[in-house]
Structure formats: C-alpha cells, structure tokens
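Here is a colleague's note on this model. The points can be checked one by one against the coordinates.

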Amino acid sequence: MNSAVIVFPGSNCDRDVAVTLADVTGRAPVMHWHGDPDLPDDLDLIVIPGGFSHGDYLRCGAMAAHAAAMAGVRRAADRGVAILGICNGFQVLCESHLLPGALMRNRDLRFICRDVHLRVETTDTMFTAGYAPAQVIRLPIAHHDGNYVADLPTQCALEDEDRIVFRYCDAGGKVTETANPNGSLDNIAGILSESRTVLGLMPHPERLADPRLGGTDGRALFVSVMEALS
Amino acid sequence: MKARVHVTLKAGVLDPQGKAIAHALHALGFDGVRDARQGKVIELDLEDDDPEAARARIDDMCRQLLANTVIETYRIEL
Amino acid sequence: MKARVHVTLKAGVLDPQGKAIAHALHALGFDGVRDARQGKVIELDLEDDDPEAARARIDDMCRQLLANTVIETYRIEL
Amino acid sequence: MSTQQQQKTEPAITPEIVAEHGLTPDEYQRVLDILGRTPNLTELGIFSVMWSEHCSYKSSKKWLKTLPTTAPWVIQGPGENAGVVDIGDGLAAVFKMESHNHPSFIEPYQGAATGVGGILRDVFTMGARPVANLNALRFGAPDHPKTRHLVSGVVAGIGGYGNCVGVPTVGGEVDFHPDYNGNILVNAMTVGVAPADRIFYSKASGVGNPVVYVGSRTGRDGIHGATMASAEFSADSEEKRPTVQVGDPFTEKLLIEACLELMATDAIVAIQDMGAAGLTSSSFEMASKGGLGVELTLDRVPMREDGMTPYELMLSESQERMLMVLQPGKEAMAEAVFRKWDLDFAIIGRLTDTGRMVLTWHGETVADLPIDPLAEAAPEYDRPWAPTPHQPVVIADDVPVLPWTEALVALMGGPDLSSRRWIWEQYDHMVMGDTVQRPGGDAAVVRLHGTDRGLAMTTDCTPRYVRADPVTGGRQAVAEAYRNLTAVGARPLAVTDNMNFGNPEKPVIMGQFVGACRGLGEACAALDMPVVSGNVSLYNETEGRAIPSTPTIGAIGILDDLDRMATVGFKAAGEAVIVIGE
Ligand SMILES: Nc1ncnc2c1ncn2[C@@H]1O[C@H](COP(=O)(O)OP(=O)(O)O)[C@@H](O)[C@H]1O
C-alpha cells in the first residue's frame, strides 16, 4: 500500500503516524511538503497528521486548508483515494470542506490530553472494517479544539447516512454527557465524507498502535485500511 | 489605509468561550451579565486607498480565510 | 442593554497570530496587506440600563477578567 | 569613535542612569577603568547585561565551582548551553533546567510559555532534538487570592508552548506554600537526544567567518528584562509590566526543524541562542569563548518595529532567535533552509582578530568594547554568609496523635499529595510517540526513538528540609531524584539543578545557598551523578520576604532494556508487598 503524509509547518504528529504506517504496511509513507501541489499519483492513502499547522493561529486548520498540497489532496479525494485526517488533520479537512461542520474550542476551554473510550458506530468503512460493530476502544486525545459542531441538516445527514464513525463513550460503551470530553455535538469523535473515503477524527489512533505505548486499539484502523486497499 | 474585520459566531452556534466568560463574570460577582459572546477583530493595514476596491478585496479575504462561514459571519469596517 | 468590549494587544507587543494572518494573506495573493493584528471583541448582554453605571462596571470586568492589562488594552463601546 | 550623532539622541551617563542599569559604583568604576573613557548608553547597557546576576553568576560562581561535574560519560559539563552525557549506542542526552520565576508572576501564561521556549532553545542549540519537557512549580497558599490565577495561567502557558512545538511534557512537580505567595517558581527542563559525535558548541572560530541571525525579528520586548530577573520585587513591579515578552511557539517549532536540518550539514561553526540578554550575550559569549572579536552591522538585524535604536537592538529579549557562525561559502545554502521554513535570515557581521566587539549603525561606530577584559573583569563576589542554625529536634511524643484514618484523609486531601492529573492532562505528554511511562509514576520514561532503550527523568526538591538544614536538604533532593530514577529501573546518569533563593546579599540566605550547594555536591559525588548544567535564580523576594530556598534537581537515567522497566501500579492480586530500606 502506498501512503503519503502531508507535512505542514507546525505539523508535529507527522513522524508518529509515519512510524505506524511503516510498521503496519511494511512501507514508509512519502512525506509530502505542503507547498508542493503535485502528489504522487499512485497513492492509496493520504494522511493529514496532527499538530499545530501554522500555529493553529486564526482558526485551527484554516491556513493549512489553503496549502498548495491541499489542491492535490482534493483531486485525490475526487478520484476516491482514501484520506485520513487525525486531530489537526480533521480540522484541516473541515476547513477545506472535504468534511462538513467545524471544530470549536473545547467546552472547558482547556487543552486535554488523555485516553478516552470510543464506540465504533459503523464498521461499514474501509477504516473500521477490522473492528466489531459497537466495539468499545481506547485511544488518546490531545487537543484544544475538538468540539465538533454542525447545523441540524448536516447532523441529520451524518446520522441518516451512517457517517458517524466514532462517539465518545464510557468504558461500558454508553454515550453519556460525562463521557464527552470536549462538548462535541452528539459525542461525535469522527465522521466520514459522503463518499465514505474521507475520515476525520480527533483521537489519535497512531498513539496506541504499539504495545510498548500501552495499547494497540488504534492499530486495527491502519490494518483495516491496508487490508481494504491491497 | 486601515480596515477592521469583525468575525462573530452565527446566532445559534454555541459559543464555549462566551459561555465561559459569562460564567467567570458571575463567579466574580457580576450578576447582571445575562450573556456574553466572543468574537475576533482583525485589523488590517492595506496599501489600497480606494475604499470600494478595498472592501471588495477584504470581502474576498474573509470568504477565503478570515472567517469560517460555516459557523461565523463577518462585518467589514473601513 | 448591550455592550461591546474591544481587547487589543498593546502597541509593540508581538502578535504571532496577526503575523501569521498577514503571511497567509500574502500566500493567497493578497500582496497589498502591510500588516495584520488580531484582537478580541466581547459582546455583553447586561441587565443594567444606566450607561454610566454600566461603563464603570464593565471597566471593572475588563481589569479583573476580560483583558490582560499586562499586554492588552481595551475599549468599551455602549 | 564618533559620538556626535549619539549625543543628539542619547542622554549623558549620570549616576542615576548607572544605578538604573543595576551597576554599583564600584562596578561602574571598573567600566571606566576598562574603557579609559565614559561609556555611551549602548555600551553601558551591554555592561549592565553582561554583569547582571543572571548572566555573570557573580554571587554564586564561587560555590557552583565546588560541585562535581565530571564522570567518564560526561561529554560536556556546565558552561555551555546545556549539559551533555553519553548514553551509549552513539547517542548523547542533552539537558538543562532554567527558571522563569519573575516573568511568570507578572504574566503567568506568557512568562511560563517563554520559559519553556528558552530552555528548548538551550537544548536544540547543541544539536539535539528535544524529546521531553518537565516543569517544577511552586505556588503560594491554595486559598491565596492570586494562586488560582497563577496556577491556571502557568499550566496553560507551559502546555500552550510545549504542545504547539510538539515536545511531550512528561513530568514535574508542584507544591504550595504561603511563602511563595508573592514570588512563584517556574522551573522548566528540557531533555534532548543528539548523535554523540555531532554536538554543537558556542565557541566561535575562523576570522572573517560570517555571523548570522536567524529566527524572529527583534522588537522592543523585555528591554531590561535580564536586569529585572535579577532584581528584587517591589509592589510597583506592575510598572515593569510592558517588559513581558510574548512567545511564539509556532516560530520555535520552525526554528527547531530548520536548525536541525542545517546541523545535518557541515555549515555551522558555532551557534548560540539569544537568551535573556539577547544579541549582547550571545555575540559576546561566542567571541569570548573563541578568543576573537566580532563586528556587527546593526542595521541588518531584522526588526519588527520602526525607529529602534542600537541600545534597544542589543538589549531586546525578543524570543525565538539564534545567532550562528557559518563556514564561509555556506551562506546561500543556509539561507535556503531558513527561507524554506519561513524564518528571517540575515548576515549581520563577521568575526575579527581584534578581540573587540564593534557595533555599527548607519555607517557609524556606536559601541567599541574589549571582549576579554569585560568578560574577565565580570564581578565575582564572595558574599558573607551565616550558617543556618540547627533546628530543635522534634520529639515524637510532642506531636499530637491523630487516629490514622483521620491522618490519612488529611494527607490525601492536602494540596501536597492531591492528584496532579488536572495539570498533566493539559500537557500533551504523548506526542512524538515514545512516552513509555506517562506522568503519574516516579519518573517519566521516554523511549530512544527506534530502539528498545529509554531515558528516565524526574525533578525533585523538598524545600522544608532545605529550610531546616540546607546541607541535608540539598542531599535529600539529589537522593530523591536518584530514587525516582532507580524506581523505574533506570541507571542514574547526571543532574541539572535550578537554585532558587532569596537575596544573596543577606548572609542568612547566602548561608542557605552555600549549605544547599554543599549537600547537593556531596550527594552527587556519593551517588556518582555529576552536575552537568544548571541555573541560578536569586532575589526571589517580595518586600523583603524571601521564598523558601528551593534547589530543584532535575535528573536523568538510562534504561538499557525497556522490558525491564518498572511501574508503580500493583500488578496482580495475591502478590506480596515488600518494604525495603530503614
Ligand atoms: N507540573 C507537573 N507537570 C507534569 N507532571 C507533573 C507535574 N507535577 C507533578 N507531575 C507528575 O505527577 C506525578 C506525581 O508527582 P509528585 O507528587 O511530585 O510525585 P513524587 O512525590 O512521587 O515525586 C509524577 O509523575 C509527576 O511527574
């Protein structure tokens, strides 16, 4: 499987996800500089990594959304290439309108870094085919702006079209207000595009994909994509 | 010339920062605060000196970058 | 009554956000932007209806919470 | 030199101006002796910065010299931007701790944030990629009206900076005591990893080599900040507020990447970050270590504001800037790297063989100072000190007895033992994908990237022991750090220290300093854990009241096999619990 990671000024989980991709797929991803509009044409997966692109100044992901490389990402998305946006990458995808809605400041206005529980809401995507329906997994979050908002029609569309991929839940899988770390609409932690080939999520699957780091629940996401694409 | 862009959340979009401010003001004893909302102001220093042209250009800047029209509205002040 | 508080960085204080905005506008082809600074506006909805009293109270709020007077200045608009 | 233009714009040097610059009459006499003439304002500013407590360590040097600093694995001890130890397999750990106490009290968010930025630069200046941050914090009483604001601002500032640059903040400590009400402590530590044979130093060499400025532009930030950091607090310190600097972690992240990219080539001869005293101390130190002179054309310094003066350029504390000496012919290549990362790059001068620092501004010489005499004549004091009187021994029978359940509840509910989760959850402690032991244990452990080995790190100090007996307290801080490292299975290697004390001109305070140094040195020697870097923060007083003396210890150790790492959690029911020690 051929993958690429887009590197923006201020990306800081680019190396982390590259390590996971190399480990899972056996092939190191292309590290693609934001200023270069021409992505390789044989890509199966493009990852927009976490971090603070352009310092997260103005709005998270707003400046990165205009990077030359994002034009290439958009063209790839149109061709059906899988796109995965993690944390800041999710914000960039929303700002680029490749995904609907927006990510606002966390309800408590504080940065939050900790493990959360997530319920896998759909396995009907190449990203989650390897999980069991309604499986509860544990992944870390690390963000200041993960409070997902969308207007009512968007929310209904996401719901009706089975495009909500992960919801914050408690250890038993219950989706409750107290299990919601950031005030996100309907406990949404990750969503799909209409084409189901673009996934954005706030939690970091690459941070729990190595037993040495305390868990491997994130690994299945990368394995799923690889199995679907090779 | 100088210009100011005011970017505010659309009515109906929940504003976590505004809510926190109202809450903190209450905690400080300012009971008379019914609500607070927080927005951004961006002050621009432009080479333009034709207000018409400037306004059109700033409008472009807002739609492309300065505001996220999914959740925000903007107002230009010259 | 409604009131607006404009909070801006003091002159001479580094504004990383403004710098990044100007840079991003250039990258988008808006060459005529000499400089950008970013500030906040806080819109308050108050029970008061005496402007005099309100202004004094808002001034208090600014000094205690809304502005960081070490690096910011504020302006109250009623 | 031509001073005509200056006389138009610069005031004459009066005793008041000398005093405002923190120089004593004796020190000023030394300035006159060195120059053989009256300095102009720019020159006076340079002297004041170089001879401030902060830069010259004039009160502490004598005692710091007594600390053990060598071991076969020490590559670089104190004296450079950070300490360097060999950690095997061709790698070195580079680390240091630094205080940002006064700025954090004035503006907690920015003060703490720029503290993190400063210590990161000390580490990547030496060629290391920063892999972890730690922070040791002391606040006043939890119920003091300012404490809540200070705690939340400091924690948000440390997180705001570290999270954005993408270096995990993996550990630290927090304590509360009313004696910190008016003067909190913010000590930040960074640990980096570099190839052991590719360490970069600040010693300049090569007459004619270009001196290059990179990073952010220079503004009027914190002019006089270095002198402020060494001056006692008074109630009117609010007046000094505009001297607070704002950090730009995004630019720092770019600076890290650009510097490390250039360091992979052979372009850099010497490099030094612009710390508290900015352009002055960085250029001075580089030239002085190399026994050379330096000429700077100040007009070429990238400036953020119009109308800046040479005085302001030399004293500005704008953040996120570095000074480098390049190999001749590498300028274009280096510039391309910095431009790629959107950073300013300017050749502002060159090295000379004159042994002097010569500054020009619009073609005129605005300062001309001899480097060695200025560095050598830096004041060094043997301040009078009084030994700390022995405290009466507490007799166990005199202590009121609480039922143990009540005692336990009181302890667990107290601010000293309460959970620190609220703090470290605001820090990204996992970015970089190598945090194998997160906050909450005895020491944090960060895997050496791509290997099965790890670095353990901790910060420790118990000021009440130091107050009771500085020697024992100093020893105890080192011993606790040692225990925390061994508790996770690491082999302790070396320490960095941050000596936070009150006014050294008071013999009682100086006595605590002397005692703590002795205790620290003895413990480090006994445990074979030398001091390789450190920082001294004196004058931590408000209206004559000193903070509890706080010699914070930061220590690192190595785990050669992560499979043998230990963690605090009990592993299974039915296992025996064993207590060892006395
Ligand atoms: N300011 C801080 N930043 C990050 N981690 C912290 C901070 N303060 C405490 N911690 C973490 O919380 C845990 C408990 O701290 P502490 O009570 O000081 O431990 P101990 O007394 O065992 O050394 C440690 O893992 C420590 O690293």
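**Notes on the predicted model**

1. Strand 5 of chain D is the largest contributor to the shell around the ligand, with 4 residues. Keep in mind throughout that this is a predicted model. Strand 5 spans 169-176. Strand 4 (129-139), helix 17 (421-424) and helix 19 (470-487) of chain D also each supply at least two residues of that shell.

2. Which residues come nearest to the ligand? There are 16 residues around the ligand, and D:Asn135, D:Gly172, D:Glu173, D:Gly440 and D:Gly441 come nearest. By type, the shell holds 6 nonpolar, 6 polar and 4 charged residues.

3. A side-chain N or O atom of D:Asn135 is 2.7 Å from a nitrogen atom of the ligand. The backbone takes part too: a polar backbone atom of D:Gly172 is 3.1 Å from a ligand oxygen. For D:Gly441, a polar backbone atom is 2.9 Å from an oxygen atom of the ligand. On its own, the ligand has 550 Å² of accessible area, and the protein covers 78% of that.

4. Turn to the chain contacts. There are 5 pairs of chains in contact, and chains B and C share the most contacts among them. Chain B and chain D do not touch. The nearest C-alpha atoms of chains B and D are 12 Å apart.

5. How are chains B and C related? The same surface serves both copies: 100% of the contact residues of chain C recur in chain B.

6. Is B:Pro16 buried or exposed? Its relative accessible area is 9%, under the 20% cut-off, so B:Pro16 counts as buried. Its contacts reach into chain A: B:Pro16 touches A:Met104, A:Arg105, A:Asn106, A:Arg107, A:Leu109 and A:Asn147, leaving aside residues up to four places away in sequence.

7. Check the backbone of A:Leu58. A:Leu58 has a positive phi of about 65°, although it is not a glycine. The residue lies in the loop between strand 3 (45-48) and helix 2 (68-78) of chain A. A:Leu58 is buried, at 7% relative accessible area.

8. D:Asp89 also calls for a backbone check. D:Asp89 is not a glycine, yet its phi is positive, at about 55°. Its place is the loop between strand 2 (83-88) and strand 3 (91-99) of chain D. Is D:Asp89 buried or exposed? The relative accessible area is 62%, over the 50% cut-off, so D:Asp89 counts as exposed.

How values were computed: Residues are numbered from 1 along each chain as its sequence is written. Chains are lettered from A and ligands numbered from 1 in the order in which they are written. This is a predicted model: local features need pLDDT of at least 70, side-chain atom pairs count only at pLDDT 80 or more; totals for chains, interfaces and linings use all residues. Side-chain values use heavy atoms; hydrogens and water are left out. Contact means heavy atoms within 4.5 Å. Buried means under 20% relative accessible area, exposed over 50%, partly exposed in between (1.4 Å probe, protein chains only). A residue is near a molecule or strand if one of its heavy atoms lies within 4 Å of it. A polar contact is a pair of N or O atoms within 3.5 Å; within protein, one must be able to donate a hydrogen and the other to accept it, and residues adjacent in sequence count only if both atoms are side-chain atoms. Accessible areas come from the Shrake-Rupley method with a 1.4 Å probe; for residues, only the protein chains shown count as cover. Ala, Val, Leu, Ile, Met, Phe, Trp, Tyr, Cys and Pro count as nonpolar, Asp, Glu, Lys and Arg as charged, and the others, Gly among them, as polar.
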